[in-house]
Amino acid sequence: MNPDVQVPAALEVRIPCGNAWLHGDLTQPADALGLVLFVHGSGSGRHSARNRQVALKLQQAGIATLLFDLLTAQEEQIDLRTREHRFDISLLTRRLQDATTWAMALPELQHLPIGYFGASTGSAAAVIAAARLGRQIAAVVSRGGRPDLAGPVALAAVTAPTLLIVGGADDGVIRLNEDSFAHLTSEKHMAIVKGATHLFEEKGALEAVAELAASWFGAHLAYCEPGGAPAIKV
């Protein structure tokens, strides 16, 4: 991984999801190892500074990234007032699956193994989508996430190697992630970033997250062939 590596400019894309079109930013380094879709958390979007910092680290490691809005502009305005969409895990999961299907159909991307990077409630959507898509998903990483919201059935059905990253000072989320970790049956690891709170705002905390994610995806995307059969309906 070389921080001096120049990555290409992001390409703005529009992703069809049912009756909606979602906006995204796709960055594809030359000879990419794989593609990671970012599933942002409650009240966030594709412009999240935290996710963009992690995405840059992945790009420098030769991994393509897709950051996209899970909600339309109209839905975001409604959610700002009512918060009714940010915890709609079913909606977020459908949007993630549609974005995955779209990416896998693009000629320039269809040969790439796929990974998910989820944060907060987005982690639950990543877990459920990974369970449904089975070996089509090569790796999952959760940052300060709520994988527990996916439920034990979905967690147990995930076949992708899964990394749970939690802040060492985020006590409640640590316990929830420990419970989720126990239900996972795939290759798994839980990493606790010492002294970090929920948003990893402490000095060096987000850099540690980015390093952990890049290492996990680098290891599990590089030796995975795209495709495979769905695992289970959840």
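The model is predicted, so local features need pLDDT of at least 70 and side-chain atom pairs count only at pLDDT 80 or more, while totals for chains, interfaces and linings use all residues. Residues are numbered from 1 along each chain as its sequence is written, and side-chain values use heavy atoms, with hydrogens and water left out.

Let us start with the sheet. Eight strands form an open sheet with mixed pairing, in the order β1-β2-β4-β3-β5-β6-β7-β8. Helices (H or I, at least four residues) and strands (E, at least two) are DSSP runs, numbered from the N terminus, and two strands pair if DSSP finds at least two bridges between them. At the edges you will find β1 (11-17) and β8 (188-193), each of which pairs on one side only. Neighbouring strands of the sheet are turned by 20 degrees against each other on average, direction ignored.

Now look at β5 and β6. Strand β5 (residues 114-119) runs parallel to strand β6 (residues 137-143), and six bridges join them. Along this pair, phenylalanine 117 stands opposite valine 141 in β6, and glycine 118 stands opposite serine 142 in β6. Strand β6 is mostly covered, with seven of its seven residues buried; buried means under 20% relative accessible area, exposed over 50%, and partly exposed in between (1.4 Å probe, protein chains only).

Isoleucine 165 takes us to strand β7. Isoleucine 165 counts as buried because its relative accessibility is 0%. Leaving aside neighbours within four places in sequence, its contacts (heavy atoms within 4.5 Å) include Val141, Ser142, Arg143 and Gly144, as well as Val209, Leu212 and Ala213. Isoleucine 165 and alanine 208 are 43 residues apart in sequence, yet 9.7 Å apart in space, C-alpha to C-alpha.

Helix α1 (residues 49-60) lies across β2 (20-27), β3 (35-39), β4 (64-68), β5 and β6, running at about 165 degrees to β4. Helix α7 (residues 205-221) lies across β3, β5, β6, β7 (162-167) and β8, running at about 170 degrees to β6. Axes here are lines fitted to C-alpha atoms, for helices over the stretch in contact, and angles run from 0 to 180 degrees between N-to-C directions.

These two helices also meet each other. Helices α1 and α7 pack at an angle of about 45 degrees, with their axes 9 Å apart. They are therefore oblique to each other; angles under 35 degrees count as roughly parallel, over 145 as roughly antiparallel, 65 to 115 as roughly perpendicular and the rest as oblique. On the α1 side, Arg50, Gln53, Val54, Lys57 and Leu58 meet residues of α7 that include Leu206, Glu207, Val209 and Phe217. By class, this contact has eight nonpolar, one polar and four charged residues; Ala, Val, Leu, Ile, Met, Phe, Trp, Tyr, Cys and Pro count as nonpolar, Asp, Glu, Lys and Arg as charged, and the others, Gly among them, as polar.

Helix α3 (residues 89-105) packs against helix α4 (residues 122-133) at an angle of about 55 degrees, with their axes 9 Å apart. That angle makes α3 oblique to α4. Their contact has nine nonpolar, three polar and one charged residues.
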